[in-house]
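Dear colleague,

I am handing over the structure we spoke of, with the sequence alongside. Please have it open while you read the notes that follow.

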Amino acid sequence: MTKARLIKKKEIVEREQKKESSLPEEPQKKVVEKTVDAVVDWLESQSTQRQDPRKAFAALFVQPQTQ
């Protein structure tokens, strides 16, 4: 490990201000909105494709019928 170092309040405040000023707010919001929309669409498509679990399990053991 490195040597212990005293962290001053002023340094912490300066770091937080640098982080806040360097992060663009608008593009991040747009990315989050797109991600949420994509997840909602995916969940809706999954719910429409879902079948009854009992029927799916029973289908695994159905004997193929020859004609």
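Val36 has a relative accessibility of 45% and therefore counts as partly exposed, a class that lies between buried (under 20% relative accessible area) and exposed (over 50%), judged with a 1.4 Å probe and the protein chains only. This is a predicted model, in which local features need a pLDDT of at least 70 and side-chain atom pairs count only at pLDDT 80 or more, whereas totals for chains, interfaces and linings use all residues. Residues are numbered from 1 along each chain as its sequence is written, and side-chain values use heavy atoms, with hydrogens and water left out.

Val36 sits in helix α2, which covers residues 25-49, and together with Val32 and Val40 forms a nonpolar patch on the surface that has about 220 Å² of accessible area in total. Such patches are made of residues with over 30% relative accessible area and no salt bridge, where nonpolar side chains (Val, Leu, Ile, Met, Phe, Trp, Tyr) are joined within 5 Å and like charges within 9 Å; the areas come from the Shrake-Rupley method with a 1.4 Å probe, and for residues only the protein chains shown count as cover.

As to the chain as a whole, its secondary structure comes to three helices and zero strands, taken as DSSP runs numbered from the N terminus (H or I of at least four residues for helices, E of at least two for strands). Of the 67 residues, 0% count as buried, and the chain exposes about 7400 Å², of which carbon and sulfur atoms supply 57%.

The confidence of the predictor in each residue is given as pLDDT, from 0 to 100; the chain averages 82, and 90% of the residues score at least 70.

Two side-chain contacts remain to be described. The count of salt bridges, each a side-chain nitrogen of Lys or Arg within 4 Å of a carboxyl oxygen of Asp or Glu, comes to one, and this joins Arg5 to Glu11 at 3.3 Å, N to O. Arg5 is exposed at 57% relative accessible area, while Glu11 is partly exposed at 23%.

The count of aromatic pairs is also given by a rule: rings of Phe, Tyr and Trp (its six-membered ring) pair if their centres lie within 6.5 Å, and planes under 30 degrees apart count as stacked, over 60 as edge-to-face and the rest as tilted. That count comes to one: Phe57 and Phe61 are edge-to-face, 5.1 Å centre to centre, with 65 degrees between the planes. Phe57 is exposed at 54%, and Phe61 is exposed at 56%.
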